[in-house]
Amino acid sequence: MDHIKQQIEALREELNKHNHDYYVLSSPTISDFEFDKKLKELSELETLHPEYFDANSPTQRVGSDINKSFRQVKHRYPMLSLGNTYTEAEVTDFYNRVQKGLNDEFEIVCELKYDGTSISLTYVNGELTQAITRGDGVQGDDVTANVRTIRSIPLRLHGNDYPAEFEIRGEILMPWSVFEDLNKERAEQEEALFANPRNAGSGTLKQQDPKIVASRKLDSYLYYMLGENLPTDGHYENLMKAKEWGFKISDATKKCKTLDEIFAYVHYWDIERKNLPVATDGIVLKVNSLTQQRNLGYTSKFPRWAIAFKFQAEKAVTTLESVSYQVGRTGAVTPVANLKAVKLSGTTVKRASLYNEDYINLLDLHINDQVYVEKGGEIIPKITGVDTTKRGIFDEKVEFTKNCPECGTPLVKDDGEAIYYCPNDISCPPQIKGRIEHFLTRKAMNIAGGSETVEHLYNARLIHNIADLYTLKWQDVSRLERWAEKSARNLVDSIHASVSVPYARVLYALGIRYVGETVAKKLALAFPNIDALMAASAEELVQVDEIGDRIAQSIVRYFSEISNVEVVNKLREFGIQFELSEDIVSQRTEKLKGLSIVISGTFEKHSRDEYKAMIEQNGGKNSGSISSKTNYILGGDNMGPAKLEKAESLGVPVISEEVFLEMIK
């Protein structure tokens with residue numbers, strides 16, 4: 001068997017090198033096809049020979065579906081924050097303090113301050129063993145499984161001159177391009193957008209499913225090494241060594257000896273940072289010598305040997321010319337500020353989000369106001385304030401529209417909601433087109449086409465709702481402007497192919513307000529066919545895990561509309577899947593009927609998501625919190641002490657996964 005082990009290790013070494021070439025050096029030496037072929041070969045060998053499993057194998061980059069609560073781990077070396085400066089005078093003061101404190105020659109290392117999530121990585125004998133978030137600086141979350149999916153972080157180091165054990169710290173980042181694609185996808189689903197890449201990246205790193213983390217294509221830059229036997233006394237020199245070992249170290253890192261050199265660096269990157277693929281919000285200055293760092297020491301909060309210079313968020317003042325309103329597929333009405341064009345962060349800004357009526361009232365906006373617009377780390381420009389001294393006495397106060405801007409229907413707002421809706425989902429054009437666009441998307445019916453396709457078909461009166469798609473003839477489509485026979489045939493073929501899309505995705509594709517992918521899956525399990533779902537009352541719906549009053553009322557309201565039921569019946573006639581497949585139905589039981597179960601901790605035999613599915617599959621209800629109505633707690637390792645205490649006080653039995661599996665056997 002030795003030759004199998006050697007083959008596996010050789011493939012791992014080769015794939016690690018190709019990963020480094022691609023994600024760190026940006027100079028791939030083989031094609032994606034060849035890489036995937038080798039990765040598949042390794043995966044098959046590891047499956048056949050589980051005795052050679054290695055958590056740091058390149059195959060583990062994709063993430064498993066094991067769902068874990070994050071364990072809190074104390075930092076060996078506290079992760080302190082840096083003192084911030086905002087002016088060059090404050091940088092000069094820092095430089096002079098260092099000079100006075102050392103009374104010796106020194107070098108300052110200038111680094112870009114990446115706007116991401118701080119991480120500390122531990123390597124033992126050249127292998128990644130642990131990844132901990134900053135947390136409160138004293139302890140953080142163990143996110144090792146998620147960090148293993150980030151391609152620019154080496155799982156095994158190159159060479160052999162690294163310390164036996166050391167830490168290296170840096171930032172986990174979401175590149176602008178990934179952030180924009182993610183927000184575009186969320187906008188299509190009318191989900192809340194991430195404000196900036198930092199929030200999106202941090203949220204991704206805390207996902208319970210490493211597969212989701214892997215799909216988000218996070219990146220990293222490392223910037224500080226700690227340990228007992230570091231290669232040199234120079235911080236900069238240690239980073240250069242780390243680069244040789246396979247870490248992604250910014251090429252912008254530079255040693256400076258004078259204030260003039262520091263300010264030249266600051267001025268250059270204040271402009272050039274806008275061309276970087278990731279977000280930055282400043283520059284970090286560090287004394288290079290580790291001995292000098294120790295001599296300077298710390299204040300009660302910050303190191304005396306380092307400081308952060310924060311770039312000013314770009315702002316501009318311009319005129320609010322008008323406010324318009326956009327209507328989404330679910331009828332949600334969003335206000336948009338139309339501005340006199342102004343340059344901001346290298347782009348021309350003409351529009352800014354106003355979020356909702358409350359935000360407009362908070363700003364006390366008037367037409368022709370001089371408004372402060374800011375971009376900073378945000379991708380979406382926003383109005384942050386108003387210069388009321390420039391306001392004219394006759395300038396009209398902005399009042400949120402009372403009627404739909406598209407169809408004139410009076411708007412409604414649910415209790416506790418900040419968003420107004422147009423209730424005319426039958427004949428409001430943007431809602432109709434939006435629902436059809438949503439129906440086409442990859443995660444829904446996966447039909448070729450997008451907003452432009454829908455616009456053409458709708459304007460030509462070939463479609464009025466999602467069911468009309470299935471009556472389209474390619475000959476009619478090909479007569480439209482800019483449509484050729486081939487593209488028309490492709491569209492109609494993909495529509496016909498969509499009849500095989502499973503029931504849960506069809507429910508999601510219908511575009512019922514608040515019914516996303518996860519809710520659709522839960523509904524499909526609880527109501528195995530569309531007739532059962534259409535007949536369900538709000539009281540029956542809220543018995544399903546994660547279905548609250550708001551979602552239940554939305555579903556009941558949707559099926560109470562005759563036009564929606566007619567569309568569903570037409571889709572049924574065209575062969576759309578409106579019931580669970582027989583193999584899933586045959587596995588359902590009533591063994592846990594009427595039981596409310598809370599899952600807590602981590603498990604060996606199955607993931608948390610798998611246990612949730614088993615509870616639902618056997619008629620039980622998943623609950624997120626313990627109450628007097630909880631029947632059991634399915635408890636694993638690292639179960640939170642607060643939950644355990646509450647369970648004991650309420651007399652709720654805690655069962656192991658072995659006992660649970662016996663219950664549903």
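The expected span is 1.5 Å times one less than the number of residues. Helices (H or I, at least four residues) and strands (E, at least two) are DSSP runs, numbered from the N terminus. The model is a predicted one, in which local features need pLDDT of at least 70 and side-chain atom pairs count only at pLDDT 80 or more, while totals for chains, interfaces and linings use all residues. Residues are numbered from 1 along each chain as its sequence is written, and side-chain values use heavy atoms, with hydrogens and water left out.

Of the 12 residues of H12, 10 are buried, so this helix is largely enclosed by the rest of the structure. Among them are Pro-430, Ile-432, Ile-436 and Phe-439. Buried here means under 20% relative accessible area and exposed over 50%, with partly exposed in between (1.4 Å probe, protein chains only).

Helix H21 (residues 562-573) also reaches 17 Å from its first C-alpha to its last, close to the 16 Å expected for 12 residues. Its buried residues are Asn-564, Val-567, Val-568 and Leu-571. Seen down the axis of H21, they fall within an arc of 100 degrees, so they line one face of the helix; the arc is that of the directions from the helix axis to the C-beta atoms. An α-helix has 3.6 residues a turn, so residues three or four places apart point the same way. The buried residues of H21 pack against H12, helix H18 (530-535) and helix H20 (549-560), whereas Ile-562 and Glu-573 are exposed on the other side.

Glu-111 is found in strand S3 (residues 108-114) and, at 3% relative accessibility, counts as buried. An unreviewed UniProt entry lists Glu-111 among its "binding site" positions; such annotations may be inferred rather than shown by experiment.

How values were computed:
Contact = heavy atoms within 4.5 Å.
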